[in-house]
Amino acid sequence: MKQLSLIILLICSLLLSGCVEKEILDDLYVETGKAYDYVDENIIRGTSLFPIYLSDKSIQNGTLSAEASSTREVLEKLARKAQQPLVRGSLDVVLIGEKLAKKGIIDIGDSLQRDASVGARLYVTIVEGEAGELLKGNYGLRGNGTYISNLITHNINRRELPETNLHLFLFNYFQEGQTAYLPILKQLSNESIAITGVALFKKDKMVKKIPADDMFFFKLLVDKLAEGHHIVKLGKKPDKAEKNVEASVTSLSSKHKIIIRHKADPVEVTMKIKIRGIVREYTGKKLTPDKVVEVEKKMEKDIEEKCLAMLKEFQELGIDPVGIGQNQKHGVRGFDFKEWKESIYPRVKFNLDAKVQILEAGTVE
């Protein structure tokens with residue numbers, strides 16, 4: 001009886017294994033990156049990036065491009081151009097040219113979220129210039145898709161880029177009371193890329209760029225610093241008028257809190273920001289305890305001025321990347337988003353309260 005059962009099990013296994021379509025990795029184009037660019041009012045250009053594994057174990061970056069009126073048609077044209085099947089299951093990044101971002105990108109986002117093979121933590125970025133041209137560079141040894149993905153991950157975890165991915169972009173796009181943002185990349189050379197800012201959106205159209213120098217302040221407003229870096233300029237050296245005295249504050253951690261006076265007229269919003277850090281470098285003569293206090297106070301002033309200016313600019317543009325509308329909703333019963341956007345948010349009074357604590361400053365006198 002046992003022998004009969006084993007024979008039946010073996011036959012079933014053979015039958016089932018015959019139903020599975022086998023695919024060999026070398027016989028596929030596994031996409032790791034995709035780029036979309038604006039051509040004209042009815043045409044976009046799509047560029048597909050995939051690694052080609054060579055016999056010496058090195059990786060060559062392969063690309064294909066096609067033009068069409070929709071993302072779906074672009075995918076079909078790319079598939080017809082490929083000599084092997086295009087597979088999207090390993091897609092790391094999707095790049096969108098700045099021109100196209102200003103026209104609207106929700107069609108691309110919708111296409112990605114409907115594809116079950118695409119992960120929600122995929123990075124979506126905006127590119128200064130042509131996104132397809134950036135993909136055609138040669139960055140690192142592990143392929144361009146992995147390089148760009150690692151670049152963004154590093155800047156989120158250890159620098160001033162707020163957390164971002166496809167899921168967060170779509171979540172902010174569809175919810176009321178908060179607007180979306182995405183990182184901006186620029187090709188510096190055929191072998192180098194840099195993050196040059198953050199793109200702010202009104203619905204699905206890019207309306208504003210936060211430059212790289214202001215990303216530190218933007219992250220304080222919308223996210224938490226886990227490990228950051230900031231230079232505090234304290235003024236001129238007495239003996240060298242052309243040079244600033246600077247303190248390099250690192251290992252920064254931050255958190256913020258939004259306090260809303262719902263019943264005030266106009267509604268009053270206070271943003272409280274707390275930061276802790278360590279002074280690693282100081283270009284003055286001696287970093288005394290008084291100088292440490294000076295660094296704290298100057299950094300607090302910089303944060304309050306910059307962040308307050310940002311909040312007022314967001315208000316003028318009618319965007320809300322900080323999510324103040326969402327916070328207001330939770331404190332008001334029967335909250336009306338239409339009234340908030342049209343008559344309340346444009347009149348909100350903003351306050352900024354920054355507290356900086358220097359935990360270590362090397363050897364102080």
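These legends walk you through several close-up views of a predicted model.

View 1. Which residues of helix 11 (residues 337–344) are buried? They are Phe337, Trp340 and Ile344. Looking down the axis of helix 11, you find these buried residues within an arc of 95°, so they line one face of the helix. Now look at the face of helix 11 turned away from the buried side, where the exposed residues Lys338 and Glu342 are found.

View 2. Side chains of opposite charge can pair when their charged atoms come close. Here glutamate 41 and lysine 103 form a salt bridge, with 3.3 Å from N to O. Glutamate 41 belongs to the loop between strand 2 (33–40) and strand 3 (43–53), while lysine 103 belongs to helix 3 (residues 98–103), so the pair ties together parts that are 62 residues apart in sequence. Are the two partners buried or exposed? Glutamate 41 is exposed, at 60% relative accessible area, and lysine 103 is partly exposed, at 42%.

View 3. Aspartate 110 is partly exposed, with a relative accessible area of 24%, whereas arginine 114 is exposed, at 65%. Salt bridges also link Arg45, Glu67 and Glu130 in a network.

**View 4. From strand 12 to strand 13.** Arginine 261 and glutamate 268 meet through their side chains in a salt bridge of 3.1 Å, N to O. Glutamate 268 has a relative accessible area of 17% and counts as buried, because the cut-off is under 20%. In the loop between strand 12 and strand 13 you can find proline 266. What form does the peptide bond from aspartate 265 to proline 266 take? This bond is cis, with omega near 5°.

**View 5. Two residues with positive phi.** Lysine 203 is a residue other than glycine, and its phi is positive, near 60°. Lysine 203 lies in the loop between strand 9 (192–202) and strand 10 (205–211), and it is exposed, at 53% relative accessible area. Serine 251 is not a glycine, yet it has a positive phi of about 50°. Serine 251 is in strand 12 and is partly exposed, at 32% relative accessibility.

**View 6. Alanine 116 in its loop.** Look for alanine 116 in the loop between helix 4 (106–113) and strand 7 (123–127). Alanine 116 is exposed, with a relative accessible area of 83%. Glycine 89 is 27 residues from alanine 116 along the chain, and their C-alpha atoms are 8.6 Å apart.

Technical notes
Residues are numbered from 1 along each chain as its sequence is written. This is a predicted model: local features need pLDDT of at least 70, side-chain atom pairs count only at pLDDT 80 or more; totals for chains, interfaces and linings use all residues. Side-chain values use heavy atoms; hydrogens and water are left out. Buried means under 20% relative accessible area, exposed over 50%, partly exposed in between (1.4 Å probe, protein chains only). Helices (H or I, at least four residues) and strands (E, at least two) are DSSP runs, numbered from the N terminus. The arc is that of the directions from the helix axis to the C-beta atoms. A salt bridge is a side-chain nitrogen of Lys or Arg within 4 Å of a carboxyl oxygen of Asp or Glu.
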